[in-house]
Amino acid sequence: MKRVVIEEELLSSGHFACPGCGETLAFRHVLKAIGRKVAVITTAGCGSVVDGYWPLSASKVPFFHCSFGTAAATAAGLKAGLEMIGDRRTTVLAWAGDGGTFDIGFQSLSGAAERNEDILYCCYDNEAYMNTGIQRSSATPKGSWTTTTPIQNLKEEPKKDIDAILAAHRIPYLATASLAFPEDLARKVKKAKTIKGTRFIHLLIPCPPGWRFQPDLTIKLSRLAVESRAFPLYEVEYGMRYQFSPMPEKIPVKEYIRVQGRFSHLSKKQIEVIQREIDTRWEELVDRAH
Ligand SMILES: Cc1ncc(C[n+]2csc(CCOP(=O)(O)OP(=O)(O)O)c2C)c(N)n1
Ligand code: SF4
Ligand SMILES: [Mg+2]
């Protein structure tokens with residue numbers, strides 16, 4: 001695969017993220033792939049907080065803070081405003097967490113996707129409401145500990161399949177991407193940039209305090225998520241044409257789970273249930289791709 005490394009840095013190191021934060025690294029990769037001609041809309045969450053406040057903010061591009069549930073609508077409005085003043089080149093990037101996408105921002109996103117607004121929407125999915133203290137979201141995987149799903153009352157529902165839901169809107173482009181495969185991630189962002197209409201990129205974001213792992217394991221965990229098929233890598237065009245990215249050998253999900261404190265209470269039997277669900281989802285995805 002072609003290596004992409006020489007782009008200009010648009011996120012400086014003086015941010016407020018925790019050590020090993022996947023969100024900040026993903027944002028850095030995405031900005032590098034898009035380039036300077038970008039305007040970022042971000043919702044309440046780690047993504048907005050870690051950037052810091054103007055004039056000391058870490059990103060070197062226009063960065064607009066919107067309310068928690070409105071990333072897609074705000075991005076669509078900004079895009080329309082830019083077009084009114086003759087700017088058709090700036091990529092409008094909505095950068096929102098899983099809470100701001102799967103939950104409170106969902107109606108705004110669904111509306112924008114249905115209207116095929118010309119925005120690039122990236123969901124950085126750390127699988128909980130991290131910024132407010134690790135509460136469950138609908139992106140939290142089954143069996144995961146959070147402060148609102150303590151081990152006495154674990155989350156029983158599976159992670160919401162946001163990609164299938166967005167694909168059902170027949171948007172021109174959707175992709176999943178991982179920090180462990182940065183060239184693939186950059187290629188997808190660059191491809192999305194050239195497409196008109198609603199583009200959705202779903203990034204899995206390991207979060208050391210939220211997932212309870214050592215900060216030096218962020219990339220390893222990103223890789224294990226892909227290898228175990230907990231987070232497969234693929235693209236979908238117009239909700240119909242599914243295509244896998246080059247996928248590594250499949251490994252058992254326990255390899256991914258056992259590195260994370262948020263799953264440390266799970267019994268062998270509970271892990272087997274999770275394995276079966278991942279296998280089923282994977283087979284469904286393979287069917288869609290054929
Ligand atoms: C309408 C509204 N409700 C609640 C909040 C409080 N709030 C701020 S950030 C946040 C969680 C964000 O979660 P997510 O989108 O997953 O981003 P993360 O913190 O994980 O980066 C919440 C609930 C808010 N800012 N606005
Ligand atoms: S809580 Fe998680 S997502 Fe938020 S800044 Fe820390 S590592 Fe990053
Ligand atoms: Mg989150």
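The model is predicted; local features need pLDDT of at least 70, side-chain atom pairs count only at pLDDT 80 or more, and totals for chains, interfaces and linings use all residues. Residues are numbered from 1 along each chain as its sequence is written, chains are lettered from A and ligands numbered from 1 in the order in which they are written, and side-chain values use heavy atoms, with hydrogens and water left out.

**Metal site.** The magnesium ion (ligand 3) has D98 (OD), N126 (OD1) and A128 (O) as protein donors, at 2.0 to 2.1 Å. Donors are N, O and S atoms within 2.8 Å of the metal (3.2 Å for Na, K and Ca); water is not among the atoms, so sites may look incomplete. D98 sits in the loop between β3 (91–97) and α4 (99–103), and A128 in the loop between β4 (120–125) and α6 (162–167), so the pair ties together parts that are 30 residues apart in sequence. Helices (H or I, at least four residues) and strands (E, at least two) are DSSP runs, numbered from the N terminus. D98 and A128 are both buried, meaning under 20% relative accessible area, where exposed is over 50% and partly exposed lies in between (1.4 Å probe, protein chains only).

| Residue | Part of residue | Distance to an oxygen atom of ligand 1 |
|---|---|---|
| C46 | backbone | 2.9 Å |
| Y124 | side chain | 2.8 Å |
| M130 | backbone | 3.0 Å |

The residues surrounding ligand 2 include C18, C21, V50, C207, P208 and P209, along with C46, N126 and M130. This shell has eight nonpolar residues, one polar and no charged ones. Here Ala, Val, Leu, Ile, Met, Phe, Trp, Tyr, Cys and Pro count as nonpolar, Asp, Glu, Lys and Arg as charged, and the others, Gly among them, as polar.

**Nonpolar cores.** The largest nonpolar core has 55 residues, and V30, L31, V40, L93, W95, I201 and L203 touch the most other members. Helix α1 (residues 22–34) gives the most to this core, with six residues. A second, separate core of 28 residues includes C66, A139, I171 and L174. A core is a set of buried Ala, Val, Leu, Ile, Met, Phe, Trp, Tyr and Cys residues joined through side-chain atoms within 4.5 Å.

**Local details.** T146 is found in the loop between β4 and α6 and is buried, at 1% relative accessible area. The side chain of T146 makes a polar contact with the side chain of T149 at 2.5 Å. Such a contact is a pair of N or O atoms within 3.5 Å; within protein, one must be able to donate a hydrogen and the other to accept it, and residues adjacent in sequence count only if both atoms are side-chain atoms.

E127, in that loop between β4 and α6, has a positive phi near 65° although not a glycine, and is buried at 5% relative accessibility. R170 has a positive phi near 60° and is partly exposed at 47%. The peptide bond from W54 to P55 is cis, with omega near 5°.

Methods. A residue is near a molecule or strand if one of its heavy atoms lies within 4 Å of it.
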